[in-house]
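Hi everyone, thanks for coming. Please have the sequence and the model open on your screens while I talk you through a few places.

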Amino acid sequence: MTTQGTPGQHGQRADTVFVGGRVFTATGPEPIEAAVAVADGRIVAVADEAAVRLLVDRDTEVVDLAGGLLVPGFQDAHVHPAVAGVQMLRCDLSAERSVEGYLAVVAAYAEAHPDKPWICGGGWSMDVFPGGVPTRAMLDAVVPDRPVLLTNRDGHGAWVNTAALRLAGVDRDTPDPADGRIEREADGSPAGTLQEGAMDLVADHVPVATPDEAHAGLLVAQEHLFSLGVTSWQDAMIGAFPGNPDNYPVYLRAAADGSLKARVVGALWWDRERGLEQLPELEERRRGGRVGRFAATTVKIMQDGIAENFTASMLEPYLDGCGCPTQNTGLTFVGPEVLTEAVRALDAAGFQVHFHALGDRAVRQALDALAAARAANGPSDNRHHLAHLQVIHPDDLARFAELGAGANIQALWAAHEPQMDELTIPFLGPERAAWQYPFGDLQRAGAQLVAGSDWSVSSPNPLWGIHVAVNRAVPLDAPNASDDHKPREPFYPEQALTLAQALTAYTAGSAWANHLDDVTGTVEVGKYADLVVLDRDPFEHPAEEIGRTRVLRTYLDGRAVFTATS
């Protein structure tokens, strides 16, 4: 066991001590037998229990881990709390898993809010509907008189009713936008599902959430994240989006009034309809975006879509239902030349670049742009990272370490579930399907693993993500578990991580991406006491039970921000 600090010297006392369990410090491959002491918001000792108890006086809180595990606060490196929180306050479908359940929630919400001119919300899953495409007729049956727009769980599609299409003037003669697709009925009329950029045809007409609603949504989301042990995050979408106000002032307000307690990095949205002329605006937002615990120091570039609706950017065409190549290789949102120019300029300006790169062509384009930036500007500590990484060509795996690029994984997706088995694998083919979510290969290639949830796309529970990273199968109580509650076979188990590797990605790894690793992300003397108490030590239980682990307490700066009630 590594002992840190010199407990008991110079009359030092602790505000809180944690005893009676092991500690995963995220600095090594195994938990250690130790107790931890906290004073003035910082960790002051990691040592044997007898030594740490020398720091206890009558005012010290003694937390008995009771055989549980103390871990660093989890950090989510790709999440959308401001948007997710507003969805929680609106028509939230995320708890349902059937068409009937979705429609019942919509009908109940509409009845409870007769004064709302629009019914807005989201959280539906593509795999619930035939072909992943819900129809306007379904919504018309429960809300015929008001427009409805409900984004799906991944945020890349919207379900709308006839009233919404009519209000927006979208009909059979409306062409598909360059960055999206209108799903259509046999006669060409809109079917009720809008993919990618086509969402904006209707979403631009949705009333924007009020500043107070957006602020309330952020705080609701923060409390939910605290309950899951998340103490820091990177919001991957800072800007204005249909139905939501610009969340930049929302964060500034919460940071200024102290209601934002978490440490947050904001990723400023790169407008793909524009070029380098937006750089001065981003620099101005960065200058004004350092308030309290919020720092808008990153730029988010969305390079492609998602595989399920065939908009993820692929090196080779998607297959059709018969397994034959199509003409579709997905969408590239920022052309390679513009992308290279933009990344070079952002890197030179000291921005971190956070890419949405899901298909293998998008991954390669992002890595190529980073290589060009390094050649032009030299190495930096900007810590650029690529999120999602569903399909990576094997030739590109080693480039992450070579370029110092973080591999930002959303581990909960690396499992057999209907959206994968029915809407993805058949259209990729067996060779490409095996390239999906190659966490193990990235780890072995020396990549810096960073972890996030993409909530509200999927659950923000880090322990469920860690379960999947280790088991390559979802916990049976997770939202995307099998309907028959039976375990599915592991999804390319050779790509599994160890429990320590996965825990490190969700703590120290994400702290690295957030430039917080000097003050958080590990349990070490001198670090902020951002800590989580787990109800068990998952290293002492079968790997198949990791997902059953629960958060009992969450601490930020040594103060409890969440305590489980039962």
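Let's start with Gln 436, which is buried, with a relative accessible area of 0%; buried means under 20% relative accessible area, exposed over 50%, and partly exposed in between, with a 1.4 Å probe and protein chains only. Before I go on, a word on the source: this is a predicted model, where local features need pLDDT of at least 70, side-chain atom pairs count only at pLDDT 80 or more, and totals for chains, interfaces and linings use all residues. Residues are numbered from 1 along each chain as its sequence is written, and side-chain values use heavy atoms, with hydrogens and water left out.

Back to Gln 436. You will find Gln 436 in the loop between α15 (430–433) and α16 (439–444). Helices here are DSSP runs of H or I with at least four residues, strands are runs of E with at least two, and both are numbered from the N terminus. What does the side chain of Gln 436 pair with? The side chains of Gln 436 and Gln 390 are joined by a polar contact of 2.7 Å. A polar contact is a pair of N or O atoms within 3.5 Å; within protein, one must be able to donate a hydrogen and the other to accept it, and residues adjacent in sequence count only if both atoms are side-chain atoms. A polar atom of the Gln 436 side chain also lies 3.1 Å from the backbone oxygen of Ala 433. Leaving out residues up to four places away in sequence, Gln 436 touches residues including Val 391, Met 420, Arg 472 and Phe 491, where contact means heavy atoms within 4.5 Å.

Next, a pair of helices. The axes of α2 (residues 81–89) and α7 (residues 211–227) come within 7 Å and cross at roughly 100 degrees. Axes are lines fitted to C-alpha atoms, for helices over the stretch in contact, and angles run from 0 to 180 degrees between N-to-C directions. α2 and α7 are therefore roughly perpendicular to each other, a label for angles of 65 to 115 degrees. Among the residues making this contact are Val 86 and Met 88 of α2 and Leu 218 and His 224 of α7.

Now helix α8 (residues 247–257). Its buried residues include Tyr 248, Tyr 251 and Leu 252. Asp 246 caps the N-terminal end of α8, with a side-chain oxygen 3.0 Å from the backbone nitrogen of Tyr 248. After α8 comes Gly 258, with a positive phi near 85 degrees.

On to the strands. Is β16 (residues 263–269) mostly covered or mostly open? β16 is mostly covered, with 6 of its 7 residues buried. Strand β15 (residues 230–238) runs parallel to β16 and is joined to it by 5 bridges; two strands pair if DSSP finds at least two bridges between them. Within that pair, Ser 232 has Arg 263 of β16 as its bridge partner. β16 is also joined by 5 bridges to β18 (residues 294–302), again in parallel, and Trp 269 stands opposite Lys 300 in β18.

Last, an open sheet of 4 strands, in the order β5-β4-β1-β6 with mixed pairing. β5 (42–47) and β6 (61–64) stand at the edges, each with a single partner strand, so one side of each has no neighbour in the sheet. β4 (residues 35–39) pairs with β5 in the antiparallel sense over 5 bridges, and Ala 37 has Ala 45 of β5 as its bridge partner. Thanks, everyone!

Technical notes: Parallel < 35°, antiparallel > 145°, perpendicular 65-115°, else oblique.
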